[in-house]
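Here is a short briefing on one protein model. Look over the sequence and the fold, then read the points below.

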Amino acid sequence: MVGLSWAERIGVPESFALAGLEMDPARLPGGTGWGELAGELRGYLDALVGVDPPADLVSEMAEQLRSWRERLAAARVPERDQPWGHRVDLPARGQALAPHVEMLDRGDDWLEATVVFGRFHLGGHDAVHGGAVALLFDEVLGRFSDTHGRPAARTVSLDVAFRAVTPPERELRLRVWFEREHGRKRQLHGELRDGDVVCAEARALFIVLRPDQG
Ligand SMILES: CCCCCCCCCCCC(=O)SCCNC(=O)CCNC(=O)[C@H](O)C(C)(C)COP(=O)(O)OP(=O)(O)OC[C@H]1O[C@@H](n2cnc3c(N)ncnc32)[C@H](O)[C@@H]1OP(=O)(O)O
């Protein structure tokens with residue numbers, strides 16, 4: 001698997017393929033610098049939640065963020081044209097919402113990956129927020145559900161069992177697999193481990209979209 005891009009390793013959902021564009025980052029929304037920007041934003045959020053900054057630094061940051069928000073308003077585009085979440089050539093689809101996942105290996109109906117939750121995803125008391133764990137499962141199971149030529153589906157049910165505290169800032173192991181496919185229904189399972197400890201398990205049901213639902 002070494003040497004393959006994220007998109008090649010996980011498979012690009014055909015239904016979400018960027019129409020008419022090759023996987024040349026310079027021609028994709030956000031261009032060649034988008035991955036670095038998304039990574040810096042992720043790092044910024046992780047850093048921000050871990051500090052108690054002096055008042056002048058807080059004011060300066062707020063002023064700079066306000067300035068960026070105002071500049072970005074002029075560049076707003078429809079969702080289909082935004083790089084955020086659409087850059088399947090980048091980790092986490094070029095967004096900072098979901099944690100950073102690295103593919104290790106996969107078969108036709110299973111996938112193994114590592115994941116590190118940053119401090120941004122903390123719920124409290126050194127435990128990753130349960131919603132962030134559910135987000136991870138929805139993201140990875142959802143994307144994997146659409147691979148190998150399968151048409152796009154949506155999550156209708158996601159059941160997460162939290163077996164042990166999920167620690168932040170540690171490399172965890174994620175395994176997901178297809179349990180069953182019948183008609184429009186796809187059942188996938190997932191398991192998140194910290195070493196030998198099972199942190200969480202997920203069972204998800206995806207329903208294939210009809211042509212008028214895409
Ligand atoms: C480049 C970018 C990459 C982008 C890559 C993106 C990757 C990220 C993936 C994230 C995925 C998401 O979070 S998706 C966002 C969260 N999910 C949603 O918003 C979904 C909201 N729900 C819906 O839109 C709708 O329910 C649909 C369209 C999915 C299905 O509606 P429908 O077509 O009317 O289907 P319906 O007849 O109700 O159900 C079909 C069958 O499923 C069963 N069913 C329905 N719901 C359930 C349920 N909760 N639990 C059990 N069974 C259920 C029904 O009983 C029925 O069984 P039977 O009678 O046939 O036996």
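Two strands count as paired if DSSP finds at least two bridges between them. Helices (H or I, at least four residues) and strands (E, at least two) are DSSP runs, numbered from the N terminus. This is a predicted model: local features need pLDDT of at least 70, side-chain atom pairs count only at pLDDT 80 or more, and totals for chains, interfaces and linings use all residues. Residues are numbered from 1 along each chain as its sequence is written.

**Overall layout**

- The protein has four helices and eight strands.
- From the N terminus, the order of elements is α-α-α-β-β-β-β-α-β-β-β-β.
- The protein splits into domain 1 (6-80) and domain 2 (97-213); these bounds come from an automatic or database domain assignment.
- The C-alpha centres of domain 1 and domain 2 are 22 Å apart.
- Of the 214 residues, 25% are buried. Buried means 20 or more other C-beta atoms within 10 Å of the residue's own, exposed means 12 or fewer, and partly exposed is in between, with C-beta atoms placed from the backbone.
- Take contacts between residues at least 6 apart in sequence: 65% of them join residues at least 24 apart. A contact means that the two C-beta atoms, placed from the backbone, lie within 7 Å.

**The six-stranded sheet**

- Six strands form an open sheet in the order E1-E2-E6-E7-E8-E5, with antiparallel pairing.
- Strand E1 (100-106) and strand E5 (153-162) are the edges; each has a single partner strand, so one side of each lacks a neighbour in the sheet.
- Neighbouring strands are turned by 25 degrees against each other on average, direction ignored. Axes are lines fitted to C-alpha atoms, for helices over the stretch in contact, and angles run from 0 to 180 degrees between N-to-C directions.
- Strands of a sheet pair through backbone hydrogen bonds, either parallel or antiparallel.

- E1 and E2 are antiparallel, with six bridges. They form a hairpin with three residues between them.
- His100 has Val116 in E2 as its bridge partner.
- E2 and E6 are antiparallel too, joined by six bridges. Ala113 has Leu174 in E6 as its bridge partner, and Thr114 stands opposite Arg173 in E6.
- E6 and E7 pair antiparallel over nine bridges. Arg175 stands opposite Glu191 in E7.
- Two residues separate E6 from E7 in their hairpin, and Gly183 in the turn has a positive phi of about 55 degrees.
- E5 and strand E8 (residues 197-208) run antiparallel, with nine bridges. Thr155 stands opposite Phe206 in E8.

**Two faces of E2**

- Side chains alternate along E2.
- Leu111, Ala113 and Val115 point to one face and are buried.

**Helix H4**

- H4 (residues 130-145) packs on the sheet and touches E1, strand E2 (110-116), E5, strand E6 (172-182), strand E7 (185-194) and E8. Its direction makes about 140 degrees with that of E5.
- H4 has 16 residues and spans 22 Å from first to last C-alpha, close to the 22 Å expected at 1.5 Å a residue. The expected span is 1.5 Å times one less than the number of residues.
- Buried residues in H4 include Val133, Leu136, Phe137 and Val140.
- Arg143 is also in H4. Arg143 counts as buried because 20 C-beta neighbours lie inside 10 Å.
- Arg143 and Leu45 are 98 residues apart in sequence and 24 Å apart in space, C-alpha to C-alpha.

**Helix H3 and the Pro25 loop**

- Helix H3 (residues 55-73) has 19 residues. None of the 19 is buried, so H3 lies largely in the open.
- Pro25 is in the loop between helix H1 (6-10) and helix H2 (34-48).
- Pro25 is partly exposed, with 17 other C-beta atoms within 10 Å.
- Leaving aside neighbours within four places in sequence, Pro25 contacts Gly31, Thr32 and Asp89.
- Pro25 and Arg87 are 62 residues apart in sequence but 8.9 Å apart in space, C-alpha to C-alpha.

**Database annotation**

- UniProt places "domain: Thioesterase" at residues 127-196, in an unreviewed entry. UniProt positions use the numbering used here, feature names are shortened, and annotations may be inferred rather than shown by experiment.
- Residues 127-196 are 23% helix and 47% strand, and the end C-alpha atoms lie 17 Å apart.
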